[in-house]
Amino acid sequence: MNKLLNSREFLDRPAAAADPHAVAQALTDCLIQMVGKHPDNASPRDWFHAVAYYVRGQMADRWLRTKRLHHQSSVKAVYYLSMEFLIGRSLRNNLFNLGLDGVCCQALKELGIDLDQLYEQEHDAALGNGGLGRLAACFLDSLTSLGYPACGYGIRYDGGMFSQRIEDGWQIEQPEDWLRHGNPWEFARPAVTYPVQFGGRVTHHTDAAGRRHCRWLDAAEVKATAYDLQVSGFGSNLVNTIRLWSAKSTDDFDLQDFNAGNHFEAVRDKSESEALSRVLYPGDSSEAGRELRLRQEYFFVCASLQDILGRFAESHASFERLPEKIAIQLNDTHPALAIPEMMRLLIDCHGLKWRDAWNITTKVFAYTNHTLMPEALETWPAALFERLLPRHLEIIYQINEEFLSAVRLQFGDDGDLARRVSLVDEGGERRIRMAHLAMVGSHHVNGVSALHTEIMRHRTFADFEKLMPGHMVCKTNGITSRRWINQANPELAALISEHIGDAWIGRLELLENLRPLADDLQFQARFRAIKYANKSRLAAHFARDMGVTLDPAALFDVQVKRIHEYKRQLLNILHVVARYNRIRSGRMADMVPRTVIFAGKAAASYHMAKLIIKLIHDVAGTVNADPATRDLLKVVFVPNYNVSAAEHIIPAADLSEQISTAGTEASGTGNMKLALNGALTIGTRDGANVEIGQAAGEENVFFFGLTAGEVASLNSQGAYNPRALYESDAELHEVLDMIRSGYFSGDDPTRFHPLVDSLIDGGDTYMLLADFRAYLDCQGRVDSAYRTQSEWTRMAILNVAGLGIFSSDRTIREYAGQIWNVSPLHSG
């Protein structure tokens, strides 16, 4: 008992004050002992590794104590399964969370080293791509800061998704070799290895007692080996874990083939096995690519569940209490295979009966839905399942059979309802609906914004709401302000703390206390000066790295996110062309100088998204070179967008472009980061934009365009006629004709025909033309507001003050209390 109390005390114990001289000596020791370099010939990267090893060591004791306390207290833990963890760089974040940033800065100064230079030596961890992965990273940060025992599970991608290079305006994908200098933050766990099987066949037999047994035989096997990352938290000595799986072959290579000269054949099995953890989201334009994606999804859930159940079995004789001790959250449908895998492990490996296993499974899992579009909801061919995962297909069929029996019992023989909710889509090629599997196998399903959840309930999954009322709940996304204000925008953080104290760092809702300062001219001036300084730094960064000269006094108009047609970067560039035409023709009333900044990656096989990137570059080439417009309009595309790039761009943004077609964006988190850094939002009433308007005040957001209901109505009635809009709006006509005629692509005049044709005669799926006029008019309101800087600043301050609700701490507390039923380790 004393041990337990001592462990509890460490969680609430303030960190001991460190002496800069002692830290300088410790850093030098790490440089010599861990990096193998002498201070006289150490490079900045060597020093980065030395500091990282020192910080990792500071976390290690807390990490081990956290594990011991969790084991002793037997508190329920959260396991977060996600294909992505977009954690970015770790050094600044860990130093800040541990309260070591100041003392390390002083210690390094004594050694003649600039800490800011070391921050730039770290590669972003290439473990994710967009909002899904960044949300997972924020959630692990908040879980740790709030004291909840948690472990994230994912894949250790050797090459990330890809590194984006721009060549003549085209996106070129290259491996993201983020591990080439090693990763000082990870702990390799070669002893933690689990078998993962594919293929083979299933046999059935009945024993003397009449119990049916299944065996999965003749399957190919891959090894999943663990690598652990520590997760620090702010204001807590707790340290949690992200466990990542790396694929290894069961045999390194065939020595006989190698010695016979068949060198490539000798390592074929090794290469095929290790491809599982090579790249995030391999291209799905080929059958092989699609198969690799399914293999990846099973690989990581299979290893993760073996690990979770293995830990549980160390201290429990049976699995009856599993739901009391374990909560597993599925971050989108990628880990949905965990549901049949849990059933397989409990029944085939641990001897539970079907009903008992299903009762446990449905009490353990919860599922977060991140997409509204039917075409984006994962489905897999049953034939592919049968070939790769034959036992899981059997389990899914049995789950489906029992589920549909329950539906018929409750609602009678409604064949249409049964077809709509079935886990198996029988229309054409038989396919497994992963979202339906996750829906049926989870005790809660959550949307990630209020609008998203309403659309789930009443449109996308309306039948499930009828079958399982109350099953779907809303948990609006959030972000960690420690990363996105304190670290990315330290001057703004200091200004806030100077006026309202620093308690807001752990309780973001206290930003509300800034509201009275929105009309304070002195506070406005300082707020505006910080924004200008951030813009100046970004302009200097662009000048140095991209050769682009920007005026910090211009309005910085920012759209930074994954390139996709529904996110409507194309609508943004149509506005740029319209603005360009207005400047050239002298229609510049109320127009302010503007720099339009784009960033984001297109999926490697997504041709239309890559064509949009090319159009942005071609328009930029024309606009930026035109002496008639270049002082009023600039266009910039930032290559290889990642967390570190976002930390430079977001604090410098004046305007946040959140212009997805209403009803398509589940939530968004970039909108929150930008608004919390004082950017005003121009957007549709989509995702969390709606709640941002409610929090900041609708008068402080620039809304435009169709609502989700209006979009749905146009689609259902078949009444949308984009060609009529093209023919009736002269300005729109001019913009589209310029693009289609080759005005911006003289070397290939037909290059952008597919884009323009998709809008005019191709259905304009995401209704750009329907929103074009409203968008241009709204951009006019933006210009007018920006001309009055005091009013613009007041609106920006009110955005910061109102957005405390979008803390990931708040989101995690809601999950903990309403979905997971978990308590903090140090709750008493």
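The model is predicted. T333 lies in the loop that runs between β10 (326–331) and α13 (338–349).

**T333**
- T333 has a relative accessibility of 3%, and because buried means under 20%, T333 counts as buried.
- The side chains of T333 and E378 make a polar contact at 3.0 Å.
- Beyond its neighbours within four places in sequence, T333 is in contact with Y367, E378, M434 and A435.

**The sheet**
- An open sheet is formed by nine strands, in the order β5-β8-β9-β2-β1-β10-β11-β15-β16, with mixed pairing.
- At the edges are β5 (186–198) and β16 (472–474), each of which pairs on one side only.
- On average, neighbouring strands of this sheet are turned by 25° against each other, direction ignored.
- Strands β2 (residues 150–155) and β9 (residues 239–249) run parallel and are joined by five bridges.
- Within this pair, C151 stands opposite T241 in β9.
- Helix α14 (residues 354–364) packs on the sheet, where α14 touches β10 and β11 (365–368).
- The direction of α14 makes about 45° with that of β11.

**Helix α5**
- Helix α5 spans residues 101–110, and V103, C104, A107 and L108 are buried in it.
- Viewed down the axis of α5, the buried residues fall within an arc of 130°, so they line one face of the helix.
- An α-helix has 3.6 residues a turn, so residues three or four places apart point the same way.
- The cover over the buried residues of α5 includes α2 (20–35), α3 (44–73), α4 (91–98) and α6 (115–119).
- G112 follows α5 and has a positive phi, near 80°.

**L143**
- L143 sits in helix α7, which covers residues 131–145.
- With a relative accessibility of 1%, L143 counts as buried, because the cut-off for buried is under 20%.
- Not counting residues up to four places away in sequence, L143 touches Y148, A150, L238, N240, I812 and W820.
- The C-alpha atoms of L143 and S808 are 8.9 Å apart in space, while the two residues are 665 residues apart in sequence.

Technical notes: Residues are numbered from 1 along each chain as its sequence is written. This is a predicted model: local features need pLDDT of at least 70, side-chain atom pairs count only at pLDDT 80 or more; totals for chains, interfaces and linings use all residues. Side-chain values use heavy atoms; hydrogens and water are left out. Helices (H or I, at least four residues) and strands (E, at least two) are DSSP runs, numbered from the N terminus. Buried means under 20% relative accessible area, exposed over 50%, partly exposed in between (1.4 Å probe, protein chains only). Contact means heavy atoms within 4.5 Å. A polar contact is a pair of N or O atoms within 3.5 Å; within protein, one must be able to donate a hydrogen and the other to accept it, and residues adjacent in sequence count only if both atoms are side-chain atoms. The arc is that of the directions from the helix axis to the C-beta atoms. Two strands pair if DSSP finds at least two bridges between them. Axes are lines fitted to C-alpha atoms, for helices over the stretch in contact, and angles run from 0 to 180 degrees between N-to-C directions.
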